[in-house]
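The sequence and the model are shown first, and the description follows.

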Amino acid sequence: MNVFHSKRRLFFLLGPGTAFLLLFFLSPLAYVLVESFRADEGFITLARYQEVLVDQQFRKVFLRTLRMALIVTPLAVLLGYPSAYLMTKLPARKKSILTSLVILPLMTSPVARTYAWIVILGKYGIINETMVRLGFMQEPTRLLYTEGAIIVGLLQLFMPLMVLTLVSAMENSPEEVEEAALSLGSNRIGSFFRVVVPLSFEGLMMGVTLVFTGCFTAYVTPAILGGAKVLTLSTLMRQKALVLMNWEAATVIAVIMILTTLVLYNGVRMFRPRTLV
Amino acid sequence: MKRSKFLLFITIIMFIFLLGPFVVIIVSSFGSEAVMRFPPKGFSTQWYEKVLNIEMFRKTFWVSLKTGLLATFTALLLGVPAAYANVRWRYPGKNAMEIMFSSPAIVPGLVVGFALLRFFIYVTQVPVMVGLYLGHTAILFPYTVRVVSASLRNFDEGIEEAAVSLGSSPLHAFFAVVFPNIRSGIAAAFILAFITSFNNVPISLFLTGPGVATLPIQMLIYMEYYFDPTISALSSIIIVITVIIVQAAEKMLGISKYV
Amino acid sequence: MAFIELTNIDAGYVKGHPVLKDFHLTVEKGELVSLLGPSGCGKTTTLRTIAGFIMAEQGKVLIGGKDNTPLPPNKRNIGLVFQNYALFPHLTVFDNIAYGLRRRKADKQVIPKKVTDVLKLVSLTGYEKRLPSQLSGGQRQRVALARSIVIEPDLLLLDEPLSNLDAKLRDEMRAELSRLQHQLGITMIYVTHDQIEALSLSSRIVVMNEGNIEQTGTPEDIYERPATPFVARFVGFDNHLSGKLAELQKGKTVMDINGSRFTSTRAVSESVKSSAAGEQVDVFFRPEDVILSREKTENCLEVEIDYINYQGNTSAYALLAGDTRIRAVIPGKPMETSGSMYLVIPPEKIIVEKG
């Protein structure tokens, strides 16, 4: 037993953080959760959930949110995986420059980044202007406030998370393993799928989770690019709470968002990568 | 050869997609028209002047700055000892503790903000500003724990023990030997946490009230009413400042290894 | 009463699972005692218990007659030298060495003199202003040594201090340590898994295995007269054969191994002495102690040569006696491998243990 590892010292180190989270993070969440089941009369009720779940608008919004997350995530893999793979193969200096170019957007205000799409997709934005000028269209069409706009915005927003997660996963699998596979007779593509992919599988799953849950709960992008026309779970929740003052419904949506996130995170944790083929 | 060309092509597309919007926004902020046209017509800096003249932007900037600094500082104060215990000690229930410490980063921010609004502001009547500060501290906590843990893991425990064997108490050894060597990790945690707070929307969304809003929230409100390049100008300012901070932090602290 | 006494110690890293159980150790003033053993044998646990980092669940640690058991490491007057040097990376050599003096509230005027003196002792005069990162591995370990001896500790504990250095530096530092120990007369406990290090430095060696002491003795005792099969193997009696006891005479043990008669002239343990003829015995001998011959003589075994590694001034043979593998290291170039070969083990080189 380490002499300094007494219960008293441990209490002083962990106590403040634990107390803070219990008081100002876990209690409010528990309160909201309990409230969502509290009946006006009697003990517990599922009436609030029933009310929300049968609501046509909620169903539509839930499915739309899910659909967009399901579209953005594979797109992020498609763009992110090859880029991350290439980045890990570059010499250190080039790689660190590219890495900081990926980190930069991650550190920049999502509001500022999303606003760029208003400029690009707007009525007089670059796409409409080009299409009209080239004669493909008579007049500008509406690109903003569509699901497509939100998908593009989310993809750009979460791309860095995917790339960075993959780069750090691929870095951990040494170059020699791939070379060994090549020397043992795998061809390039064979060694890629049999060695690189399994070794970065855990990172890939992590990236997928981050992007998927990010899309599922993102607020800024759908708020700016979807507005009140194309609602997602989070913008619907805000509307219920702050515009319609329907707190019960907002609470139920909040609980659904938490549950979805937790299920996803734990689901991925159970996923273990295959060992080397 | 064919394969690496394909990779290069995808990578270039990815970077254009990632960074193109930044160029677009900066270029558009210098337009002279009051519509969001791209490419813009004419050249002016009027939107920058406008940003600086809008009082709500100035006011909310200070709210964001104060909240960010205060919340970051508190999160570090709570996070450094917690990180220390989790890196150096073995104790029963450590796994559960680690999950709890990272939970604010997993629960959607919007839900956290909403829960704080219902629990504190309506039930206990805490001022909105306090709710904002508490909410931001909670979500920054996992960042500080993670970054400080990473730099503690890189610091040989034997060095602390050497200090203790030479007569330091564990507390003195921490301040005399550990702290000076994890300073850059703590600084990195500070910058990452502050930027996270400064950019945050979901937590702040429900924790704003009359007269209290953060800068990103104020930008969203402005967008609902006006459709001119003012937000482009403000976004450009934010982008440039972020670039400077991130570059400096990368040079001095190697921040990218903590992201 | 010994200078350092560990009595009835139970200690380990997890409560209820002690690495050391009912452990005893005594060290006399001015001794250099090595704790020798493979990793996981409890030698580092012993060291950390003496230093005070591990709280013994039971037992007492006495240093200079004073009970140190309840004292935390910062209240014990013990110097520590680590495998990775553990220098303070942000402090200069001077400040590293002065650290302990300052913690002990030494007179501000004396500190520079003491630091200068100790730097001279470890031949690092002039390096005061350098940072650890500007020093070589050997220099770092000298600073670590200087830092721990400048506080004039009752006891110096060294945890594999040379294992991060390359072979040449290791030899140099070993000589340096030996010189310092004689010059200062400081009591040292030295943890190592390297038998050569332990043999060349120690006044006494404690061989440990799985939390227990296998044997305590002078380097010569350990090397020449290992008391247990574990110690025998650890100090290079790598070859092992099983046989039956045939006859026990005064100063002579005769055995039957694979149908051949073998004689050992070494002293045997009580347990062998009390054995009857026909009982199982194990014999151990070193690869370097054998002779390869083409003729059948006394104390020999017919062997086949599996393969030979040429090593310059010696050759290493992998031999097979039936199913048993035997290693032999013979001076000179490899021999012709055709025909029958006999392995001869001189009687004074065979250790006999009860099977």
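## A residue of chain A

A:T130 belongs to helix α6 of chain A, which covers residues 126-133. Helices (H or I, at least four residues) and strands (E, at least two) are DSSP runs, numbered from the N terminus. A:T130 counts as partly exposed because it has 13 C-beta neighbours inside 10 Å. On this scale a residue is buried if 20 or more other C-beta atoms lie within 10 Å of its own, exposed if 12 or fewer, and partly exposed in between, with C-beta atoms placed from the backbone. From A:T130 to A:A223 the separation is 93 residues in sequence and 26 Å in space, C-alpha to C-alpha.

## Basis of the description

The model is a predicted one: local features need pLDDT of at least 70 and side-chain atom pairs count only at pLDDT 80 or more, while totals for chains, interfaces and linings use all residues. Residues are numbered from 1 along each chain as its sequence is written, and chains are lettered from A and ligands numbered from 1 in the order in which they are written.

## An open sheet in chain C

In chain C, four strands make up an open sheet with the order β2-β1-β4-β5 and antiparallel pairing. The edges are held by β2 (20-27) and β5 (66-67) of chain C, each with a single partner strand, so one side of each has no neighbour in the sheet. Two strands pair if DSSP finds at least two bridges between them.

Strand β1 (residues 4-11) and strand β4 (residues 58-63) of chain C run antiparallel and are joined by five bridges. Within β4(C), C:K60 is the residue opposite C:T7.

The side chains of strand β19 (residues 341-344) of chain C alternate.

Three bridges pair strand β15 (residues 291-293) of chain C with β19(C) in the antiparallel sense, and C:L292 stands opposite C:L343. Strand β16 (residues 300-310) of chain C is also antiparallel to β19(C), with four bridges; C:E302 has C:Y342 as its bridge partner.

## Where chains B and C meet

Contact between chains B and C involves 15 residues of chain B and 17 residues of chain C; two residues are in contact if their C-beta atoms, placed from the backbone, lie within 7 Å. On the chain B side, α7 (157-165) and α8 (170-199) each supply at least two residues. The most comes from α7(B), with seven residues.
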